[in-house]
Amino acid sequence: MAEWSSYSLHDLLLFSLQAYIGLFELLNTTLWPAHLVTLALGLAAATLVLKGHRARHRLVWTLLSILWLWTGWHFFHVQYAAINWAAEYVAVVFWLQGLLFGLFAMVPKCPQISYVGTVTDRMAAAVYLFALIGYPIASLALGRSSESVEFLGISADSGVVATLAILVLSRARFIWLAWVVPLAWCALTGLTLWLLGSPEFFIAPLAAVLAVAAAASYITGPDSLPDK
Amino acid sequence: MLINRRTVLKGSIAATLAGAAAAQMPAQATTTPLARPLGQTGEMLPLVGLGSWITFNVGNNQKLLDASSDVMAAFFESGGRMIDSSPMYGSSQATIGYGLKKLGMPDALFSADKVWTSSAGNGGPQIEASRGNWGVPQFDLVQVHNLVAWRAHLELLQAMKAAGNVRYIGITTSHGRRHAELEDIMASQPIDFVQLTYNVEDREAEQRLLPLARERGIAVIVNRPFQRGYLVERLSSSPLPNWVAETGAASWAQFLLKFVISHPAVTCAIPATSQVEHVRENMAAASGILPDTALRKRMADYVGQL
Ligand SMILES: NC(=O)c1ccc[n+]([C@@H]2O[C@H](COP(=O)([O-])OP(=O)(O)OC[C@H]3O[C@@H](n4cnc5c(N)ncnc54)[C@H](OP(=O)(O)O)[C@@H]3O)[C@@H](O)[C@H]2O)c1
């Protein structure tokens, strides 16, 4: 007991802000131009949902499944684990989340994803757009170098925020299970950046709060739709 | 009066140094830091070494790997020898391995690593994996990290030492944790080194552990001499007292290091740094005059008032 009380949260950090940012520099150099592919896929998913395409539900869950499996493998297992052994465990959690989205894509009663233009929908769209484009811009504005900003599908944060926006639009009540890991990650990434002294620490938690606020209005408010 | 006693202290260390250490200093070293003998072996170790927690955990980023090897180069140029790491420190071992290879495996290196696993059976394979990361034929020192599974690991380390697979063995703690248990181990186990936290503010080790280390001829490595940088940061807003200038301390980092290494039981302090200027500054603390008991008290009192 006495021993644990001698640890501070800072003692849990294994790396410096410089090394953490160095990780994103490395990802951006090694994966470029994959950024264009992930951006195109992100925009394609948004178009499918906005246009109300019939196949959108299964396609978007499939894309999310691939995003989470890939992030778990490449970002956490291959890259981040080099400076943080705990990333190996997070990789497994991301894979499980990816499998859950894979399941959503395959089950006969596939959870629906719809954009009908309510205030809540627009909030979700704003969060999604922020994940796609706003995230790198906000990071730059807060002092990140252009070589180290984070992009959807290249590192974890913006993909997780985009996922939350999709979850808002999915409306199905039982889907709360899929919220747990993205919300936990937003809290963890915020905490990590805060402990490292980065001014960007609030971005993911704030996006998560907006997504939860939007979802809450679906569940409790007049926008609430029955599960399909 | 103080000056005289300090001068005597300086003279005695320098004399030991001249006799035994000169031959062991690396060829590329441009300066010779003050050193102390290791237990009864007579092998000399410079009073300042290099830690690797956080600072060398840079992953696969080439720019940061090269920056770390620049720090190591400056360390060896300043006459440094001991580098300390652990399997717990992310990619630090691999970073050290990269730097050592780039620097042509300096002869001066004194490699200190740790075994850190709760499973007794994993100890051997872990030490072997660590050795591979460093790229050294064998470690000079392997320590049981934070007393984890220490009975089983110390048995393994003793067997390795008997077989000539490691030169020295030891055990570590930090933040003042489990000092009573460490004291029992120091009193009862045949260890060469103990590593613990000691700095101008965390001085519990002065009560029992440091005197016991002297009595038993156990070499002492001091971790967290700057409280992970916090002490230097906090003190930097206060003026460095001009009465330490005579020891050669020109900065707070040197003040803090001189306080630690002037304790006669301390063999080596291992500040970690990611910066070339800082490693030079830290190594320079192991030169000039070491404070004597009266000056050490004045230093501690001064920091205590701030
Ligand atoms: N249980 C254990 O076995 C255990 C526990 C703790 C530590 N250790 C060992 O002991 C080593 C030292 O402890 P530590 O790394 O925790 O803390 P530390 O050495 O007290 O402090 C390291 C920090 O001090 C800063 N620093 C270094 N030289 C400086 C200078 N001249 N001026 C200003 N700032 C300076 C560094 O920042 P810059 O990079 O900016 O220079 C770094 O952030 C560790 O690296 C590790 O090898 C072992």
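Is B:Arg224 buried, partly exposed or exposed? B:Arg224 is partly exposed, because its relative accessible area is 21% and buried would require under 20%. The model behind this value is predicted.

**Backbone exceptions**

B:Arg224 also has a positive phi, near 50°, although the residue is not glycine. The residue sits in the loop between strand 8 and helix 8 (230-235) of chain B. B:Met105 has a phi near 50° too, again positive and again in a residue other than glycine. That residue lies in the loop between helix 3 (92-102) and strand 4 (110-115) of chain B. B:Met105 is partly exposed, with a relative accessible area of 29%.

Chain A has an exception of its own. A cis peptide bond links A:Trp32 to A:Pro33, with omega at about 10°. A:Pro33 belongs to the loop between helix 2 (17-31) and helix 3 (34-50) of chain A. Such features are worth noting because most residues other than glycine have a negative phi, and most peptide bonds are trans.

**The sheet of chain B**

Chain B holds an open sheet of seven strands, in the order 3-4-5-6-7-8-9, with parallel pairing. Strand 3 (82-84) and strand 9 (268-269) of chain B form the edges, and each pairs on one side only. In general, strands of a sheet pair through backbone hydrogen bonds, either parallel or antiparallel.

Take strand 7 (residues 193-197) of chain B. Five of its five residues are buried, so the strand is largely enclosed by the rest of the structure. Both faces are covered. B:Phe193, B:Gln195 and B:Thr197 are buried on one side, and B:Val194 and B:Leu196 are buried on the other.

Strand 7 of chain B has partners on record in the model. Strand 6 (residues 166-172) of chain B pairs with strand 7 in the parallel sense over three bridges. Strand 8 (residues 219-223) of chain B pairs with strand 7 in the parallel sense over five bridges.

**Two buried helix residues**

B:Glu183 lies in helix 6 (residues 179-188) of chain B. B:Glu183 counts as buried because its relative accessible area is 18%, and the cut-off is under 20%. Beyond its neighbours within four places in sequence, B:Glu183 contacts B:Arg208, B:Leu209 and B:Leu212.

A:Ala165 lies in helix 7 (residues 157-170) of chain A. At 1% relative accessibility, A:Ala165 is buried. Leaving out residues up to four places away in sequence, A:Ala165 touches A:Ala124, A:Val127 and A:Tyr128. A:Gly143 is 22 residues from A:Ala165 in sequence, and the two C-alpha atoms are 26 Å apart.

**The ligand site**

What surrounds the ligand? The shell has 31 residues, and the closest are B:Asp84, B:Asn146, B:Thr273, B:Ser274 and B:His278. By class, nine are nonpolar, 17 are polar and five are charged. Helix 10 (residues 276-284) of chain B gives the largest share of the shell, three residues.

| Residue | Protein atom | Ligand atom | Distance |
|---|---|---|---|
| B:Ser274 | polar side-chain atom | oxygen | 2.6 Å |
| B:Trp53 | polar backbone atom | oxygen | 2.9 Å |
| B:Glu281 | polar side-chain atom | nitrogen | 3.3 Å |

Taken alone, the ligand exposes 900 Å², and the protein buries 89% of that.

Key:
Residues numbered from 1 in each chain as written. Chains lettered and ligands numbered in written order. Predicted model: local features only at pLDDT ≥ 70, side-chain atom pairs only at ≥ 80, totals over all residues. Heavy atoms only, no water. Near = heavy atom within 4 Å. Polar contact = N/O pair within 3.5 Å; in protein donor to acceptor, adjacent residues only side chain to side chain. Areas by Shrake-Rupley, 256 points an atom, 1.4 Å probe, with all protein chains shown as cover. Helix = DSSP H or I, 4+ residues; strand = E, 2+ residues; numbered from the N terminus. Nonpolar A, V, L, I, M, F, W, Y, C, P; charged D, E, K, R; others polar. Buried < 20%, exposed > 50% of the residue type's maximum accessible area, 1.4 Å probe, protein only. Contact = heavy atoms within 4.5 Å. Pairing = 2+ DSSP bridges.
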